[in-house]
Amino acid sequence: MSAAPLPLSLLPMTASIGSTGELLIGGVSLLDLVAEYGTPLFVYDEEHLHARCSEAVNAWGSGVAYATKAFLCSEMARLAHGHGMCLDVSTGGEMFVALRAGVPAGSLIFHGNNKSPQELAEAVRCGVGRIVVDSFDEIVRLDELTREGPRQDVSIRVTPGIEAHTHEFVRTGQADSKFGFGLESGQAGDAVTAVVSCSGLNLVGIHCHIGSQIFSTGSFSRALEVMAPFFVPLGLEELCLGGGLGVAYVEGEEAPTITEWAEVVRASAAGAGIPGEVRITAEPGRAIVAQAAITLYTVGTVKEIPGIRTYVAVDGGMSDNPRPVLYGSGYEVFLPREAEAERPRVADLVGKHCESGDFIVKDASVPADIRVGDVLATPVSGAYGYSMASNYNKVGRPPVLFVADGQARLVVRREGYDDLVRLDA
Ligand code: LLP
């Protein structure tokens, strides 16, 4: 176990160290933010978000979509759309938030393996830019919905039969999948036939998504090679490779940049015989938002069990970040009061929920002087943390701040006790 300080490369891009060793993001001291907003608290570096969106648009072109499932609130929808990105929404709820934030329906790409008839009707009615068709049942529903009105642009989600090197729960490209139409089984071809026979549907492209948190650009090249022989004869204008680019969460991990990802995919596309005029696009989520945010907690107890283990318990846990419990995902831990401190002590960072499995980091390296009342931080927590947060044990979800140029603004407020009974009859 390394006692090394936190690798600063994991922090948001405007992170800096103040005169007393404390961490600032966007020119704002994290400890000052905690004094004002309390903990747990999600803090996003707005400049980092802008930089990643702009990189995505430069790398992939303006059709590139931000996968809102990674993190969505009204401000995030506006920020991504402001860069010319489309928004990938996969439920009526995500669609509603994006529309209400002012994103035009034409910039929405509607995903989902089991879109309800109502969601499909809403999508068609408001005129979403694209519906990514995922099942034969959906084709029947869409046919009925679009016979009368203007034609709806759709693409078809295909599962290329690729096993990406990532956690089983976030792998989606293999033949045995609830998503899309299989290539090998011939169902992808049948879906094309079914869609083109619907007078109200306009097939514009093919889509695939092989999984999430993928470090090897080679997996995407492989997907392209498998997709090309199916895609090219169709003569369609767009091929979307989905999201899935991995990010570094802990010391020693390295991930390709969005730019490198796009370059490798483009080179593979040319090699696989995909005509130059085809729009090759993607829909990154994690790579846009993960590293932009850190989560702040307060240490409530430090429990040393002699000869066994030390537990450091904080005021959040699996309700604001279920990823460690769901996927065994790793995070680093540091104290913003002294961000570059050595971390020689080993402790389990746990939450406040009523289960033993409620951990954030097992065997975490922490500073020797960690103590009750300390504000503690987990970096790279901007993706699938807030978006998968829950009210387990009737814990309110934390607020979300965007910080930039020495200012913080609240983009999602903290849930209070009243919010916890808002839906009760
Ligand atoms: N496009 C489609 C069709 C997707 O299903 C996903 C993610 C994305 C794009 C964005 O993938 P990203 O670039 O963020 O990897 N909760 C899990 C991740 C689940 C991803 C689901 N689909 C986690 O916390 O790791």
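Modeller: Happy to! A word on terms: buried means under 20% relative accessible area, exposed over 50%, and partly exposed in between, with a 1.4 Å probe and protein chains only. Helices (H or I, at least four residues) and strands (E, at least two) are DSSP runs, numbered from the N terminus. This is a predicted model, where local features need pLDDT of at least 70, side-chain atom pairs count only at pLDDT 80 or more, and totals for chains, interfaces and linings use all residues. Residues are numbered from 1 along each chain as its sequence is written, and side-chain values use heavy atoms, with hydrogens and water left out.

Let's look at helix α6, residues 136-146, where E138, I139, L142, D143 and T146 are buried. Seen down the axis of α6, these buried residues fall within an arc of 140° (taken from the directions from the helix axis to the C-beta atoms), so they line one face of the helix. On the face turned away from that buried side, α6 carries the exposed residues D137 and E144.

What lies over the buried residues? Their cover includes the helices α5 (117-126) and α7 (187-196), along with the strands β8 (130-133), β9 (152-159), β10 (181-182) and β11 (201-207).

From that cover, take strand β9, which holds S155. S155 counts as buried because its relative accessibility is 4%. Leaving aside neighbours within four places in sequence, S155 is in contact (heavy atoms within 4.5 Å) with R130, I131, V132, V133, L203, G205, I206 and H207.
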